[in-house]
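Look at how two chains can sit against each other.

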2 protein chains.
Amino acid sequence: MPESERLPEFRFDDRGLITAVIQDAETSEVLMVAWMNEEALARTLKSGTCHFYSRSRKRLWKKGEESGHVQTVVEVRRDCDRDTLLIRVRQTGGACHTGYESCFFERRRPDGSWETSGRKVFDPARVDGNS
Amino acid sequence: MPESERLPEFRFDDRGLITAVIQDAETSEVLMVAWMNEEALARTLKSGTCHFYSRSRKRLWKKGEESGHVQTVVEVRRDCDRDTLLIRVRQTGGACHTGYESCFFERRRPDGSWETSGRKVFDPARVDGNS
């Protein structure tokens, strides 16, 4: 990427990635965790909508590029190590490809079993793509 | 670790780690992000207080073991990929070794500069250890 877009105020790991926690700016619900390379972060900061790097698909993607469920950046925070971001957003639709508002829709019960406790906000079968 | 403590309902990465987002259960403030190996997660679930795995020190540690700033688990959630945890806690003292309530005490201004916007809750010079 061009030197002008380098981001020395963040620390990327040995894979060139930084962890990003995405939080709803209004409700403070944690929506998802994803990874950014330097280019994804530069695009996020420049465009004001979240872009990530998919480790499995090995490519940059814009959140909502297929589903329309974009995330508009409200606030960017970094942690004391500068290797993790907290991005507070305005979420269109739902963050999770399963249709839930948040990817963290499963809660552990005291006995170790799991219950679904999130809010489903769209039908994934009716959305063009999962990302 | 003993077979009885294996945790097949979570997905650990190729380094044997899972990402854990720690959120204040009362205020919903995101306090920190850390990593757990299987043993750290098993201890967290069993004891009800957060244990992590330090990638730099290559060892398991209990949050607050030196500082007393323990995190009592209120709720454990997992994401749709089962490779990230959201742990809602009751935080004693502050989560950050710098004395701030949250590790995410720096906020990016629109011009790209950074401002401190977190709440300082203890003086790190007066705390025995940073962890």
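## The contact between chains A and B

The contact draws on 22 residues from chain A and 22 residues from chain B. Two residues are in contact if their C-beta atoms, placed from the backbone, lie within 7 Å. This is a predicted model, where local features need pLDDT of at least 70, side-chain atom pairs count only at pLDDT 80 or more, and totals for chains, interfaces and linings use all residues. Residues are numbered from 1 along each chain as its sequence is written, while chains are lettered from A and ligands numbered from 1 in the order in which they are written.

Several strands of chain A each supply at least two residues of the side that touches chain B. Strands (E, at least two residues) are DSSP runs, numbered from the N terminus.

| Strand of chain A | Residues |
|---|---|
| β1 | 18–24 |
| β2 | 30–36 |
| β5 | 71–78 |
| β6 | 84–91 |
| β7 | 106–108 |

β5(A) gives the most to this side, with 4 residues. β5(A) also pairs with strand β7 (residues 106–108) of chain B, in the antiparallel sense, over 2 bridges. Two strands pair if DSSP finds at least two bridges between them. R77(A) has R107(B) in β7(B) as its bridge partner.

## The symmetry

A rotation of 180 degrees, with 0.0 Å of shift along its axis, superposes chain A on chain B (RMSD 0.0 Å). The two copies are thus related as by a two-fold rotation axis. In chain A, S28(A) has the C-alpha nearest the axis, 3.0 Å from it. The same surface serves both copies: of the contact residues of chain A, 100% recur in chain B. Copies are superposed by least squares on the C-alpha atoms of residues with pLDDT of at least 70 in both.
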